Amino acid sequence: MVKGDEFALRMEGITKRFPGVLANDRISLDCRKGEVLGLLGENGAGKTTLMNILYGLHQPDSGQIFINGESVKIESPAKAIQLGIGMVHQHFKLVEALTALENVILGLPSTRPPMLDLAPARTRLLTLCEEYGLRVDPSVEVWKMPVGQQQWLEILKALYRDAKLLVLDEPSSVLTPSEGEELFRAIRKLTQEGRSVIFISHKLGEVLDITDRITVIRDGHVVGTVPTKEATQRELARMMVGRPIMMGRKTRPVMTQKDPVLVMENVNANDDRGLPALKNFSLTIHAGEIVGVAGVDGNGQRELAECIVGLRKRTSGTIRVKGRVVDRVIDDPSFVGFIPEDRQKTGLVLDLRVSENLIIKDFADPPFTKRGVLQYDVIKKHARKLIGDYDIRTPSSEVQVRHLSGGNQQKVVVARELNAKPVLDIASQATRGLDLGAVEGVHDTLLSERNRGAAVLFISTELQEVMSLSDRIIVLFRGEVMGEVDGEGADVNTIGQMMLGHALEVAA
Amino acid sequence: MEADQIISWLQATLRWGGPLILVSIGEVFSERSGVINVGIEGIMLFGALTGVAISYFTGSVVWAVLVTILLGILLGSGFAYLTVSRRTNQVVTGLMVNLAALGGTNLLFALLPATRSERVTTFPVLFPESFHSIPVIGPVLFKQPVNTWIALILPFIAAWVLYRTTWGLNVRAVGDNPQAAATAGLRVVRLKYQAVILSGIFAALGGCALTLGEVGYFASGGMTAGRGFVVLAAVVVGGWDPVKIALACLVFGAADAAQLRMQTVGSDIPYQIFQMLPYLITVAALAGLVGRTKPPKTWGAPYDPADI
Amino acid sequence: MTNTKKLKEFINFPGLGDLALSGARPLFGVLLGLLAGAGLIALSGVNPLDAYKALLQGALGSPQSFSNVLVRASPLLLGGVGAAIGIKTGVWNIGTEGYMYAGAIAAGAVGLIPLPVPPIIHILLAFLAAMLFSGIWGLLAAYLRAYRGVNEVVTTIMMNYVAIYFVSWMVQEPQPMAEPGSFFPMSKMIAPTAKLPILMSGTSLHPGFIIGIAACILFFLVLRFTPFGFRTRMLGANPEAARYAGVNVKRQILFALLIGAVMGGVAGAFEIMGLKMRVYMDFVAGVGYEAVAVALLAGGNPLGVIASALFFSALKAGGATMSIQTGVGAPMTVVIEALCVIFVIAVGYGERKRLERLEKKGKEDEEVVQNGG
């Protein structure tokens, strides 16, 4: 018997580099047989890349994977399945037009080739449903199934393949509390049978409830592994988000003028899948104030920003900016300035030139258009001025934005959105993917916006920059405000707890 | 209308609907896998010419069919290479295949002067003469050449393959969600190739049935006369189900037979109405006016294996 | 040094630089297409160089032959620029064939009425009718795409066939437009006042190509220098950003498809009033699809449409001479056309999209990771 035999999985020194960056940096972890291992980390920490490597969707640059003590090379999902690895992706990999049963047997060899052998498969699936208490109707098409059942189906799919190691990626994010209970019962049954489960989550409570050990990942490397019995919420939260703060808090003048600019009352909105993303959201931002929105990615931040800009229809509630109701995109640059989350998708037209990108909202207005003709000399002059003012590094105003670096692309967006001195600025993950110097630049710009009297909504998943920049901080969790704290003297642990779904308590 | 007119109309319905059904059998798999093969019109044209040419040279319809199948594999592979591997726009690629086929068949046809006028060996009639005199079904069914019979049986086999075999399930999965299919361990690109090549084979055979089924000669240029597009229409109207598509093909074949008859006999109703019918019904079906028809989710979209 | 500077200026001049850069890939594809065509010609036992020489001579050898090129270029220019606007907007307008029929039948209907008006008025009325009718014809597919999200490719193709049979119906007795007692169904001849002037005696050179080239230049300027063009380019390059910038996406798509329809109608009207003088079924015979190919070859750039339309029409016009002098069948030119387009899309288009995706993917991964923590 080799020593590795007690481990269902060992990953050693896994490194994965994407162009320019390190996604996984010498990650090592292991999972015993019959154990639930929690994999904890913020979105983007590298969990998903690691699991995609385990499932054969990516190849690691270096490092080794051992299944039951044997070194393996997993070059495709088919190989992973063969090795007894089952994966339930956060975004389900189900074929919606097919029935539950057809999804379960998809990719498996038939017992009676070339025909499908549905009858025994159906019996086996129903037995599994019964055994694990996960109820699914085999003959219903997936698109007709509620999300919770789709989750069961993904798990059943893996079990049907007799997965010895089951990876669940954020499984509870789509489940109701009672469904969550059912899931936990099923997981306990799995481990009793000697199967292993890797439970990926950023929710501390449930990780503490269901796992035996917890491995915390941050910035692509392992922070530590602790037995669940010895772990506390506070300690885990610190491991996950509590880096020492490198940037000091920005000093700022006290603003006297306090007119409300953005007033949101009981706003509800859905995400792209039609599920509620913002729930009874109310917020007021005054002139000369930066309100920071902290929270783990995917808790309604994107929908919040899009609602205010008018890109997303709200289902109820009101949004007013300076008293004017927002119900569609308002292409007046002096109204709302928006630095979007995905600048290449929403903020820029990569195939157009820098000068053209600087006027995409007001190109049809004078002085850029006169008598129905675009005035390229004015547009160029305008561009040259902004390139100077905002220090955009580009060979000329007439190159395609595509050719600029990420930081300079962001400067193009910032220049366009803020140049007309809008009454409200919305910055949504505005520093994502930028190097430190560029980050600093964005921060300074937003602060000077505040100081000239603009209302600023600063949305970021980087807690430290929220704390460094905001006058007030609200924390979003599942589309709801968990609490609000003053930016001055805010406590990282308090906010960290709220980010993980614990509403603000007086003693927290 | 007289009884014998109705009988000859029904007979013509099957004669014109049959080749459409043959072509649709392949197209439904291709579209189910996510690839719209608009090139079937051109492949039909090539198949029609090849059938006549080989039958002329060898005097054997078996050889004609075999070579036609080979041609279908060749053209289908080419189309799959362009649309699946090179990820070119499927519709534009198909239109260019049609254009090339129009020119190509004209060129090749000019090289075969002998087939211009002579009739070549055509597909045999399956049932003996004695069956032909049975009232109604005798002339309508038993007098039909073998290819019509095959066309009537094939949709059921195709439905069986699509819904009851592993391969059929895989094709359906690939067209709806290729990423999920790949995650389940399926080889998406290979499946798409197989489905597209199948559409090539059946388009070529359908063209062959057009020439060797009845007329026995090739008419340069307009031999297929947009029938490939009628099949595309039938696939939409039939909701991507082989049997329903076959019914649509028969309805369109009936319209075709009716308008051909009206052209020769003359009628108060303009025959062009019947010619427009398949296309108008298709637009209506897509607009959601006639039933609800939903294409496969990645219909016409390229698949990039790099996307996870 | 000054040379590089000049080159830079040239590249930075609005439009021209893009054209030159985007022109490289199509040229490469066309070259491959011509090579493949040469292979086919060689297979048929003819020296490809001789064949291409004859083709070139047939297209450009004399003023008469070049006038033939220009006559054939007319529908490709007019229809092609309409389809090009679609490509720039991000929609595939394959309906040009049908719009040409629609425009032709309307122009023919107005043209054959003997109106007591000067020719210029009669001609303008006929064009107006053509544009109106083809616009209405295109409205169905355009509306369905813009407001109901119905795939425009399939509907426009289907409407092409409806148009063909509609025309066939209209020119058949007892319809009033039909020529009585003709062997082949066709409309009556249009009135002399509706006939376009011939620009060069002894040829059938009508002003269609001039209007076609003018339309290409006009649309180039519109795309480049007007807010409408700006919206179009924005929408075609990034629909999401266009929506954010306040563009009414649905209306813009509707307009783009309607422009294609109206331009196709003009192309059809020119064919009737300048060349055929009457309407009959099959008079277009695939030219509409070729116009789409022209637009594609040009990558949607209106100036590129001029180049690719002339290339296509030169191929076709030279085909006859090639056939007579070398025995290579004239349909070979159609095959070469198709091969050129196939090579262009196989070499250029797919590859560029793939690179874009790779580039984007790299950046996304980068961002995700840098955000981690």
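Reader: Which residues of H11(B) are buried?

Author: This is a predicted model, and in it the buried residues of H11(B) are Arg227(B), Gly228(B), Phe229(B), Val230(B), Val231(B), Leu232(B), Ala233(B), Ala234(B), Val235(B), Val236(B) and Val237(B). The helix is mostly covered, with 11 of its 11 residues buried.

Reader: OK, and what do the buried residues of H11(B) pack against?

Author: Within chain B they pack against helix H1 (3–32), helix H2 (40–58), helix H12 (242–265) and H13. Helix H7 (152–170) of chain C is on the list too.

Reader: Let's stay with H13(B). At what angle do H11(B) and H13(B) pack?

Author: About 35°, with the axes 9 Å apart. H11 covers residues 227–237 of chain B, and H13 covers residues 272–286. As for handedness, H11(B) passes H13(B) in a left-handed crossing.

Reader: Which residues in H11(B) and H13(B) meet?

Author: From H11(B), you have Val230(B), Ala233(B), Val236(B) and Val237(B). They meet Pro278(B), Tyr279(B), Ile281(B), Thr282(B), Ala285(B) and Leu286(B) in H13(B). By class, that contact has nine nonpolar residues, one polar and no charged ones.

Reader: Switching to chain C. How do H4(C) and H8(C) pack?

Author: Helix H4 (residues 63–89) and helix H8 (residues 208–225) of chain C pack at about 20°, their axes 7 Å apart. Because of that angle, H4(C) is roughly parallel to H8(C). Their crossing is left-handed.

Reader: And which residues make the contact of H4(C) and H8(C)?

Author: On H4(C), they are Leu70(C), Ala73(C), Ser74(C), Leu77(C), Leu78(C), Val81(C), Ile85(C) and Lys88(C). H8(C) brings Gly208(C), Phe209(C), Gly212(C), Ile213(C), Ala215(C), Cys216(C), Phe219(C) and Leu223(C).

Reader: How do the residues of that contact divide by class, H4(C) with H8(C)?

Author: They divide into 12 nonpolar, three polar and one charged.

Reader: Last topic: how many residues does the contact take from chain A and chain B?

Author: It takes 19 residues from chain A and 19 residues from chain B. On the side of chain A that touches chain B, the largest share comes from helix H2 (residues 77–82) of chain A, with three residues.

Reader: What about the classes on that side of chain A?

Author: The side of chain A that touches chain B has 13 nonpolar residues, along with three polar and three charged ones.

How values were computed. Residues are numbered from 1 along each chain as its sequence is written. Chains are lettered from A and ligands numbered from 1 in the order in which they are written. This is a predicted model: local features need pLDDT of at least 70, side-chain atom pairs count only at pLDDT 80 or more; totals for chains, interfaces and linings use all residues. Two residues are in contact if their C-beta atoms, placed from the backbone, lie within 7 Å. Helices (H or I, at least four residues) and strands (E, at least two) are DSSP runs, numbered from the N terminus. Ala, Val, Leu, Ile, Met, Phe, Trp, Tyr, Cys and Pro count as nonpolar, Asp, Glu, Lys and Arg as charged, and the others, Gly among them, as polar. Axes are lines fitted to C-alpha atoms, for helices over the stretch in contact, and angles run from 0 to 180 degrees between N-to-C directions. A crossing is left-handed if the near helix is turned anticlockwise from the far one by less than a right angle, and right-handed if clockwise. Angles under 35 degrees count as roughly parallel, over 145 as roughly antiparallel, 65 to 115 as roughly perpendicular and the rest as oblique. A residue is buried if 20 or more other C-beta atoms lie within 10 Å of its own, exposed if 12 or fewer, and partly exposed in between; C-beta atoms are placed from the backbone.
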